[in-house]
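Here is a friendly briefing to read alongside the picture. Take a look at the model, then follow the points topic by topic.

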Amino acid sequence: MEREGRSVAVVGAGIGGVAGALALRSAGFAVRVYEREANPRELGFALLLAPNAMSALRELGLADAIVTAGAAARRGEIRRLDGKTLRRIDSTRVTERLGEPAIVALRPVLHGALLEAVGEEALVLGRRATGCTASEAGATVHFEGGEHVRARIVVGADGVGSAIRKALHPTDTPPQPSGLFALRGVAHQQQRPVEGVILE
């Protein structure tokens, strides 16, 4: 890899991996992002970007695009199925203190903006990581088929079943089911407030 002394291999081209790659590149590192899928895409519907997340996106030069494509979330409620309000949320004070709004945006919008910013030249697709080994000089990422890549820094952003995490922390307890279940959706051109509901 070019400029190996400042090289970074990011494993996983999801939101976290690509955002991390952009931040590292802005700090002067030579970054490559390795993704197991042949076509990186973010699944799911929408997410709520808190003011601190929007501040981070502004550092990456993407905040204005997300604000334009999203919607400001000023107030919200969480209710039970019977209509009882469990919690009311008002982000006005936080927005005033941090100088950024909380924004609801579609996941593909955010992911697409990040991918466009990092550029195709930084992406290496169709590479499924199987683990990594570390040394004083850096680390080596191993991929299916026997391929490997050396870098000064390796960032594991390859999801819940991370091969990088397992390689670095083999004795850690694997992720466990939380017992929580979320059902999400997107309502377009909704004029009335949409209520959040907790299912019991």
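Predicted model: local features only at pLDDT ≥ 70, side-chain atom pairs only at ≥ 80, totals over all residues.

A residue is called buried when its relative accessible area is under 20%, exposed when it is over 50%, and partly exposed in between (1.4 Å probe, protein chains only). Residues are numbered from 1 along each chain as its sequence is written, and side-chain values use heavy atoms, leaving out hydrogens and water.

**The whole chain**

- The protein chain has 6 helices and 13 strands; these are DSSP runs numbered from the N terminus, with helices being H or I of at least four residues and strands E of at least two.
- Along its principal axes, the C-alpha trace spans about 55 × 35 × 30 Å.
- Of the 200 residues in the chain, 28% are buried.
- Ile66 belongs to helix α3 (residues 63-69) and is buried, at a relative accessible area of 0%.
- Ile66 and Arg150 are 84 residues apart along the chain, and 34 Å separates their C-alpha atoms.

- β1 pairs with β2 in the parallel sense over 5 bridges; two strands count as paired if DSSP finds at least two bridges between them.
- Opposite Val11 stands Tyr34 of β2.

**Rings and a charge**

- Rings of Phe, Tyr and Trp (its six-membered ring) pair if their centres lie within 6.5 Å; planes under 30 degrees apart are stacked, over 60 edge-to-face, and the rest tilted.
- The count by this rule is 1 aromatic pair.
- Tyr34 and Phe143 form that tilted pair, with 5.3 Å from centre to centre and 40 degrees between the planes.
- Tyr34 is in strand β2 (residues 30-35) and Phe143 in strand β10 (residues 138-143), so the pair ties together parts 109 residues apart in sequence.
- Tyr34 counts as buried too, at 6% relative accessibility.
- The charged end of Arg6 sits over the ring of Phe29, 4.0 Å from its centre; the rule asks for NZ of Lys or CZ of Arg within 6 Å of the ring centre and within 35 degrees of the ring normal.

**A three-stranded sheet**

- An open sheet of 3 strands runs in the order β3-β7-β4, with antiparallel pairing.
- Its edge strands, β3 (46-49) and β4 (71-72), each pair on one side only.
- β4 and strand β7 (residues 103-106) are joined by 2 bridges in the antiparallel sense, and Ala71 stands opposite Val104 in β7.
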